[in-house]
Amino acid sequence: MNYYMVIPAHNEEAFIQQTLTSIVQQTLLPKKVVVVNDNSSDATERIIDEFTNQHAFITKVNTNSTDEHLPGSKVINAFYKGFETLDADFDIIVKLDADIILPNTYFEIICGHFKDDSTIGVAGGLAYIEKNGTWIYETIADKNHVRGPFKAYRKACFEQIGGLQKSLGWDTADVLLARFYNWKVHVDKALHVKHLKPTGNAYKQQVHNKHGEVFYKLGYGFWISLISSFKIALKKKSFSVFIGYMNGFFAAKKSKIPKMVTPAQADFIRTYRRTQMLNKLKQFFFIK
């Protein structure tokens, strides 16, 4: 299976060499890799050039966006700057962050999953971060979610969900919409991806409000947004996080900002999230 890859990169001199090294050492190499140098002011571009000079399948695109590091539109805008330079001769498209180390057999295994099961639309491994010299699971998401830093999409799924939305929440919208269209989201728990820069390190406090806005835009509704916000606040041990999320939800509702999904998709998402929550409650009480 042919897979293409796009890597947005902004001031990643500390990590990108390790990321690109792990790509060129894959047992199944990508046909094309586009690294998007997004307004970097450090040595990121020089490191990219070292790899483009040595590997014909790696190319570079320069773009200039704001220096402000907020999740969502910045990274997806950069992704599309690279994606637009690619032809359509691929089976799998990968969006990869520039702070990732992949196992050498990662894409051989991922492409094998896509090949073996034609209903898989999105696939990936699990993210691990280093803490006190040990690599531990990054608990920002459950183990049934393919994380945004290393997502692989079957071409037909990518096209059916309308690609990646240029907004915070894109990496939740994509898997929910994939499921809406009856695609499987496959997580290979044996594939451990090293995430060198833990998620959220560079995000600002106002992002909590933006996440609450995403809940509205995904059609969660009040109760699911309330429970989700409370769960995240407990995990972060911060009541201000809960307030930020809910303020963002109510502000979006009051403003009636455009949603990311259709009414039918929102109905599906609410049903799916309610089922997830009930299943977790059942598991909790069964374990207890």
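Tutor: Phe79 and Phe83 both sit in helix α3, residues 73–83. They are 4 residues apart, about one turn of the helix. Helices here are DSSP runs (H or I, at least four residues), numbered from the N terminus. The model is predicted, so local features need pLDDT of at least 70 and side-chain atom pairs 80 or more, while totals for chains, interfaces and linings use all residues. Residues count from 1 along each chain as its sequence is written, and side-chain values use heavy atoms, without hydrogens or water.

Student: How many aromatic pairs are there in the structure?

Tutor: There are 22. Rings of Phe, Tyr and Trp (its six-membered ring) pair if their centres lie within 6.5 Å; planes under 30 degrees apart are stacked, over 60 edge-to-face, the rest tilted.

Student: And why do Phe79 and Phe83 count as stacked?

Tutor: Their ring centres are 5.7 Å apart and their planes are at 15 degrees, so the pair is stacked.

Student: New topic. What domains does the chain have?

Tutor: Domain 1 covers 3–195 and domain 2 covers 205–286. The bounds come from an automatic or database domain assignment.

Student: How much area do domain 1 and domain 2 bury between them?

Tutor: About 1400 Å², with 68% of it on carbon and sulfur atoms. That is accessible area (1.4 Å probe) lost on putting the two parts together, summed over both.

Student: Which residues of domain 1 lose the most?

Tutor: Leu168, Leu176 and Phe180, together 39% of what that side buries.

Notes: Helix = DSSP H or I, 4+ residues; strand = E, 2+ residues; numbered from the N terminus.
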